[in-house]
Amino acid sequence: MTKISSFRDLIVYQKAYTISMEIFLLTKAFPKEERYSLVDQIRRSSRSICANLSEAWAKRRYEKVFINKLTDCLGEEFETETWLRYSVDCEYTTENDYSRLMNQYEEVRKMLISMINSPEKFCK
């Protein structure tokens with residue numbers, strides 16, 4: 001197992017970051033009237049997963065705080081899933097894009113849950 005010296009080394013962070021960039025590119029094609037609603041919401045929640053992961057890493061000295069921040073990550077992940085469903089139902093994106101992103105988020109979700117269930121592997 002490689003040594004993790006930064007939140008950037010976490011595979012879950014790398015995956016979440018990549019997905020958030022995919023969402024950024026995908027939402028560029030959404031209608032202008034969605035700029036300050038759906039586009040803003042989905043971009044913010046997808047980015048918050050990464051932001052909360054970096055915050056959790058900084059606070060890993062305190063196991064309960066670490067778990068709390070990871071739980072925030074999980075909440076943002078579920079929120080992003082909701083906005084993705086809206087993007088399909090509003091016909092701004094395809095079912096294929098939705099399925100692809102959901103499969104990627106399933107991996108992120110499992111990793112987050114694993115970290116929440118075994119914080120001692122990460123906490124000092």
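The model is a predicted one, in which local features need pLDDT of at least 70 and side-chain atom pairs count only at pLDDT 80 or more, while totals for chains, interfaces and linings use all residues. Residues are numbered from 1 along each chain as its sequence is written, and side-chain values use heavy atoms, with hydrogens and water left out.

Is Thr-93 buried or exposed? Thr-93 has a relative accessible area of 12%, so it is buried (under 20%, with exposed over 50% and partly exposed in between, for a 1.4 Å probe and protein chains only). Setting aside residues up to four places away in sequence, Thr-93 touches Leu-26, Phe-30, Ser-87 and Val-88, where contact means heavy atoms within 4.5 Å.

Now turn to the core. The largest nonpolar core has 33 residues, and those with the most contacts inside it include Leu-53, Leu-70 and Met-115. Such a core is a set of buried Ala, Val, Leu, Ile, Met, Phe, Trp, Tyr and Cys residues joined through side-chain atoms within 4.5 Å. Beyond its neighbours within four places in sequence, Met-115 is in contact with Leu-10, Val-12, Leu-53, Phe-66, Leu-70 and Phe-122.

Finally, look at H2 (residues 35-58) and H3 (residues 63-89), whose axes come within 8 Å and cross at roughly 160 degrees. The axes are lines fitted to C-alpha atoms over the stretch in contact, with angles from 0 to 180 degrees between N-to-C directions. H2 and H3 are therefore roughly antiparallel to each other (over 145 degrees).

Conventions. Helices (H or I, at least four residues) and strands (E, at least two) are DSSP runs, numbered from the N terminus. Angles under 35 degrees count as roughly parallel, over 145 as roughly antiparallel, 65 to 115 as roughly perpendicular and the rest as oblique.
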